[in-house]
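Here is a short tour of one chain, written to be read with the model open beside you.

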Amino acid sequence: MRYIVTGGAGFIGSNLADTLAQNHDVVIIDNLATGRRENIEHLLDHPRVNFIEGSITDLDFLMEVLPGADGILAGPPGAPVGVGSCLERGERDRNTQCTRRGERLQDAGRGCGILGLR
Ligand SMILES: NC(=O)c1ccc[n+]([C@@H]2O[C@H](COP(=O)([O-])OP(=O)(O)OC[C@H]3O[C@@H](n4cnc5c(N)ncnc54)[C@H](O)[C@@H]3O)[C@@H](O)[C@H]2O)c1
């Protein structure tokens, strides 16, 4: 199987990618807003792992990277941004922002024939 892990350079995402890479192909998507390359340094040469720097808010980017995936995994669905970083950027209504990200990711995934978003 081939899985997309959004926020994959973050704490939860990098651990998720680690585990998945034992048995699956993994594409880590992260814009490195709060995540760190060090979290995935050990995975960068992994034969089953591919890291692509980009944002899940960029629909064109999503339509490039999602096709061919069997599933998309995010921290909470489509919301790979902690409360702190949302507030720093002045995103006061965190639930609304995260829901919009989740819906965009889900729509893009469906458009590429991917039915699973966790
Ligand atoms: N760590 C915990 O114990 C914990 C517990 C409960 C809930 N959560 C929630 O789970 C989520 C992930 O937590 P974490 O600790 O892994 O946070 P984290 O900040 O370590 O990881 C979030 C990742 O998302 C990336 N990111 C941010 N915006 C992005 C975008 N537009 N496109 C692509 N990538 C983007 C960041 O660069 C980062 O790598 C957060 O929403 C957090 O609130 C975390």
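## The sheet

In what order do the four strands form the open sheet, and is the pairing parallel or antiparallel? In this predicted model, the order is E3-E2-E1-E4, and the strands pair in the parallel sense. E3 and E4 are the edge strands, each with pairing on one side only. From one strand to the next, the twist averages 20°.

Let us walk across the sheet. E2 and E3 run parallel and are joined by five bridges, and here isoleucine 29 stands opposite isoleucine 52 in E3. E1 and E2 also pair over five bridges, while three bridges join E1 to E4. Valine 5 is a handy landmark: it stands opposite isoleucine 28 in E2 and opposite leucine 73 in E4.

## Order of the elements

The chain has four helices and four strands. Starting at the N terminus, they follow one another as β-α-β-β-α-β-α-α. E1, H1 and E2 make up a β-α-β unit, and its hand is right.

H1 lies across E1, E2, E3 and E4, and runs at about 165° to E1. Among contacts between residues at least 6 apart in sequence, 58% join residues at least 24 apart.

## The nonpolar core

Which residues touch the most other members of the largest nonpolar core? They are Ile4, Val5, Ala17, Val26 and Ile28, in a core of 24 residues. Two or more core residues come from each of strand E1 (2-6), helix H1 (11-20), strand E2 (25-30), strand E3 (49-53), strand E4 (71-73) and helix H4 (94-111). The most come from E2, which gives four residues. As background, nonpolar side chains tend to be buried together in soluble globular proteins.

Leaving aside residues up to four places away in sequence, isoleucine 4 touches Val27, Ile29, Leu66, Ala69 and Ile72.

Over the whole chain of 118 residues, 34% count as buried. Why is E1 described as largely enclosed by the rest of the structure? Four of the five residues of E1 are buried, so the strand is largely enclosed.

Phenylalanine 11, in helix H1, gives another view. Is phenylalanine 11 buried or partly exposed? Phenylalanine 11 has 14 other C-beta atoms within 10 Å. A residue needs 20 or more to count as buried, and 12 or fewer to count as exposed, so phenylalanine 11 is partly exposed. Phenylalanine 11 and asparagine 39 are 28 residues apart in sequence, yet their C-alpha atoms are 7.3 Å apart in space.

## Confidence

Where is confidence lowest, and where is it highest? The lowest is in helix H3 (residues 83-88), with a mean of 42, and the highest is in E3, at 97. For the chain, the mean pLDDT is 79, and 74% of the residues reach 70 or more.

Please take care with residues 76-88, where pLDDT stays under 50. The model has 27 contacts beyond four places in sequence for that stretch. Where pLDDT is low, the predicted coordinates should not be read in detail.

Definitions and conventions: Residues are numbered from 1 along each chain as its sequence is written. This is a predicted model: local features need pLDDT of at least 70, side-chain atom pairs count only at pLDDT 80 or more; totals for chains, interfaces and linings use all residues. A nonpolar core is a set of buried Ala, Val, Leu, Ile, Met, Phe, Trp, Tyr and Cys residues joined through C-beta atoms within 7 Å. Two residues are in contact if their C-beta atoms, placed from the backbone, lie within 7 Å. Two strands pair if DSSP finds at least two bridges between them. Axes are lines fitted to C-alpha atoms, for helices over the stretch in contact, and angles run from 0 to 180 degrees between N-to-C directions. A crossover is right-handed if, with the strands pointing away from the viewer, the path from the first strand over the helix to the second runs clockwise. pLDDT is the predictor's confidence in each residue, from 0 to 100.
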